[in-house]
Amino acid sequence: MNMHDRDIIPIQRLTGELAAQLVAAPVLAKLPASVPTVAYRAPAATDDKRWRTHTIGGRGYRIAQPVTFTPYASAKPCSARCRFCSESLVEKASAKPSSSLRPGGAYFENLRAALCELAGLPISYSLSGLETTDDPAWMQQMLDALQRHAASSPVNDRVLYTNGSGLAHAAHGMALIERLAAFSLDWVELSRHHHREDINQSIMRFRPGVEVRQQERFASMLQRLGGRIPVKLVCIVQAGGVATAGDVLDYLGWARGLGVEAVIFREFSQLDDSYRDNVTSRYIAATRIPMAGLLEQCLNQPGFAGQFGFEQVTEGYYFWNLIGRYRGMRVTFEASDYALMHRQHGSGNGAQAGIPRQRQSMRRLESRAAHSVFVRPRGGTDWITIAGCCCKSRRQGTACRQTWPPATPSARATAAGSSRCVPSSASSALKADCCSIPSAVSAPP
Ligand code: SF4
């Protein structure tokens, strides 16, 4: 039987005492009813089921489960130009945004070599980067490499993050959907940031000729996906888009009418001062809609509150989400804080100047609640990303000798900022980005 990440992540009954320690504590305190359960994305150091030892590049690591492997897709410029796109943010230590990076000629050779190093380690696939479906031939090669690896090594979840452009394509969309179904994709996270075509286009700015821009093409793509691959719609809330409780209700009504069973509303990640001031960061600052406030507004609407049943809160070390059922759909409200994430990465960020650490930012606003480890084979030019999360556990473990969570928010911030990452092993056959190692890998005990 195939394992999934949900089989690994412990779910506990949520008590008031536990709720007060969660990232979402201020949000939970204002809810009109209690949330029954909490899912802990980050593993306890003592939870043997969540930790593996694995050798990468000749060096042994303790690795927290679940681990997500992301072959970063950037063969072409994205078919959209979302105004908030995290790939267009530029970190101060970087010369250019991730959106300008392109894979080198040895990409697939390096991908296979990186996967080889992970043989035997349970991982999940996260297909993201720019827009993977924009280049079907490139995507096919990637899927072939991933499928070969999965034939001999455990792979849990397989998820595609997409704006749908390739899947809605008149000529090759159906073939791509069939290929992804044959790949045993678990679900698609499909970005659509407004239920009206013109408003969605003002946010996503699909390039000329991209069919999925049209509402009817989007709807027919959903029909094609229906029954083949589960879909979660992703809506990034923002001023000018979905910004009020009324907008949320309209969006949910539209999604339900299209037969969608899961919707995720997500706030822009909070950014820290490691980013340059540019048009994207200014857009994010100007249009942010805080999720806690939006959720409160929704729960004050009888039309929503009477229909929304709380199910679960997720504890991520830098994000929270609240999941509930609304008229047969699974609806998630989510927010994250990259300042918190960076603090928890410790001070190793500068240790690897010149490596593409901006890739760590992929989809940070849009999709994933995880962060990344970059690896590349010796002599390779392409970096491969492994993403996961275990900072809390590192702080519980021997490497950091700190307990988690600290008792108060200020102690927590201090602890997060004072702990150094595991040093990188630059000479190993596979090299990991120091600033990212704590996300999935810890030093040998
Ligand atoms: S947010 Fe995603 S779909 Fe939008 S431009 Fe960026 S990579 Fe493309």
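Two strands pair if DSSP finds at least two bridges between them. By that rule, β12 (residues 319–326) and β13 pair, with eight bridges joining the antiparallel strands. The model described here is predicted.

**Strand pairing**

β12 and β13 form a hairpin with two residues between them. Arg 327 sits in the turn and has a positive phi of about 45°. Within this pair, Gly 324 stands opposite Val 331 of β13. β13 (residues 329–336) also runs parallel to β10 (residues 262–266), joined by five bridges. There, Ala 262 faces Arg 330 of β13.

A hairpin is also formed by β3 and β4, again with two residues between the strands. Its turn holds Gly 57, whose phi is positive at about 60°. The two strands are antiparallel and share six bridges. His 54 has Tyr 61 of β4 as its bridge partner.

β2 takes part in two pairings. With β1 (residues 11–13), β2 (residues 37–40) pairs in the antiparallel sense over three bridges. Gln 12 is opposite Val 38 of β2. With β11 (residues 308–315), β2 pairs in the parallel sense over four bridges. Ala 39 has Thr 314 of β11 as its bridge partner.

The table collects the pairings.

| Strands | Sense | Bridges |
|---|---|---|
| β1 and β2 | antiparallel | three |
| β2 and β11 | parallel | four |
| β3 and β4 | antiparallel | six |
| β10 and β13 | parallel | five |
| β12 and β13 | antiparallel | eight |

In a regular strand, side chains alternate between the two faces of the sheet.

**Helix packing**

Two packed helices are described by the angle between their axes and the distance between the axes. α4 (residues 107–117) packs on α5 (residues 136–150) at an angle of about 20°, with the axes 10 Å apart. Angles under 35 degrees count as roughly parallel, and α4 and α5 are therefore roughly parallel to each other. Their crossing is right-handed. On the α4 side, the contact is made by Phe 108, Leu 111, Arg 112 and Leu 115. α5 contributes Gln 141, Ala 145 and His 149. By class, this contact of α4 with α5 has four nonpolar, two polar and one charged residues.

α6 packs against α8 (residues 215–225) at an angle of about 35°, and their axes are 10 Å apart. This crossing is right-handed. Gly 173, Met 174 and Ile 177 make the contact from α6. From α8 come Met 221, Arg 224 and Leu 225. The contact of α6 with α8 divides into four nonpolar, one polar and one charged residues.

Gln 65 and Pro 66 are joined by a cis peptide bond, with omega about 0°. Pro 66 is in the loop between β4 and β5 (67–70). Ser 184 is not a glycine, yet its phi is positive at about 65°. Ser 184 belongs to the loop between α6 (173–182) and β8 (187–191).

**Around the ligand**

Twelve residues lie around the ligand. Those that come nearest are Cys 78, Ala 80, Cys 82, Cys 85 and Asn 163. By class, the shell has six nonpolar, two polar and four charged residues.

Key:
Residues numbered from 1 in each chain as written. Predicted model: local features only at pLDDT ≥ 70, side-chain atom pairs only at ≥ 80, totals over all residues. Axes fitted to C-alpha atoms, helices over the stretch in contact; angles between N-to-C directions. Parallel < 35°, antiparallel > 145°, perpendicular 65-115°, else oblique. Left-handed = near helix turned anticlockwise from the far one by under 90°. Contact = placed C-beta atoms within 7 Å. Nonpolar A, V, L, I, M, F, W, Y, C, P; charged D, E, K, R; others polar. Near = placed C-beta within 6 Å.
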